[in-house]
Amino acid sequence: MNYRTTKENLNYAVQILEGVANTEWIDSSGEVDTLTGYHSLRSGPKPLIRPAATLSQEIDIVAAQIKQWWQEKPHAYIGVLVRSNSRVSQVSTGLEGHGIASQNHLSSNNSADSDRVTVITMHQAKGLEFTHVILMGVSHDLVPQWYRFDGLSEADKKERLLQERALLYVAASRARDAMMITMSGEPSTLLP
């Protein structure tokens with residue numbers, strides 16, 4: 001039973017993992033984890049998928065969605081999750097150009113400020129929860145990070161791809177109420 005997110009967000013996140021046949025997922029205690037019967041009691045909107053041609057256009061789409069969510073729910077905790085630290089800086093700067101304040105860390109009580117969005121990497125989002133999440137930059141050239149595959153054996157490449165898929169699943173499961181996925185150019189092959 002998942003109490004954190006809606007069934008729509010959970011179903012989308014689970015589809016990311018189901019993209020690999022004959023794979024056993026091992027949980028943090030070393031036990032085989034199964035997705036069979038995994039469900040949520042809450043319901044909400046379906047995740048939004050918003051492609052863009054360029055990073056600039058992607059930032060425009062993200063800024064418009066943030067403003068819409070804040071109109072609907074002024075105290076929404078919004079997390080914009082990206083794949084790399086360099087993208088955190090680019091996105092924060094881009095959002096500030098739209099009049100949206102951001103933070104790249106959480107406050108001492110480990111929560112987001114409702115008057116600004118939190119822009120962090122997908123790795124940093126582990127264990128966190130936001131009312132609204134934007135998975136930004138989930139494009140073919142960024143997710144997975146292909147340069148990390150250079151020089152790896154086929155077995156290691158397969159393992160790295162599973163790690164990238166698990167990271168994307170974790171990022172998607174940070175959304176409590178609503179989620180949007182954006183990409184510039186071709187979408188990531190890890191998306192359902």
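Guide: Let's start at leucine 135, which stands opposite isoleucine 181 in strand 10. Strands and helices here are DSSP runs, numbered from the N terminus, with at least two residues (E) for a strand and at least four (H or I) for a helix. This is a predicted model, in which local features need pLDDT of at least 70 and side-chain atom pairs count only at pLDDT 80 or more, while totals for chains, interfaces and linings use all residues. Residues are numbered from 1 along each chain as its sequence is written, and side-chain values use heavy atoms, with hydrogens and water left out.

Strand 9 (130-135) is our part. Five bridges join strand 9 to strand 10, and the two run parallel; strands count as paired if DSSP finds at least two bridges between them.

Six strands form an open sheet in the order 5-10-9-6-8-7, with parallel pairing. Strand 5 (48-52) and strand 7 stand at the edges, each with a single partner strand, so one side of each has no neighbour in the sheet. As for how strands hold on to each other, strands of a sheet pair through backbone hydrogen bonds, either parallel or antiparallel.

How well covered is strand 9? Strand 9 is mostly covered, with six of its six residues buried. Buried means under 20% relative accessible area, exposed means over 50%, and partly exposed lies in between, using a 1.4 Å probe and protein chains only.

Leucine 135 also belongs to the largest nonpolar core, which has 27 residues; Leu135 is among those with the most contacts inside it, as are Leu81, Val138, Leu168 and Ile181. A nonpolar core is a set of buried Ala, Val, Leu, Ile, Met, Phe, Trp, Tyr and Cys residues joined through side-chain atoms within 4.5 Å. Helix 1 (7-17), strand 9, helix 4 (154-172) and strand 10 (175-184) each supply at least two residues of this core. Helix 1 gives the most, with six residues.

Contact here means heavy atoms within 4.5 Å.

Next, follow the chain onward. Strand 9, helix 4 and strand 10 make a right-handed β-α-β unit. Right-handed means that, with the strands pointing away from the viewer, the path from the first strand over the helix to the second runs clockwise.

Leaving aside neighbours within four places in sequence, leucine 167 is in contact with Arg83, Met122, His123 and Lys126. The C-alpha atoms of leucine 167 and leucine 17 are separated by 9.8 Å, although these residues are 150 residues apart along the chain. Leucine 162 is also found in helix 4, and at 15% relative accessibility leucine 162 counts as buried.
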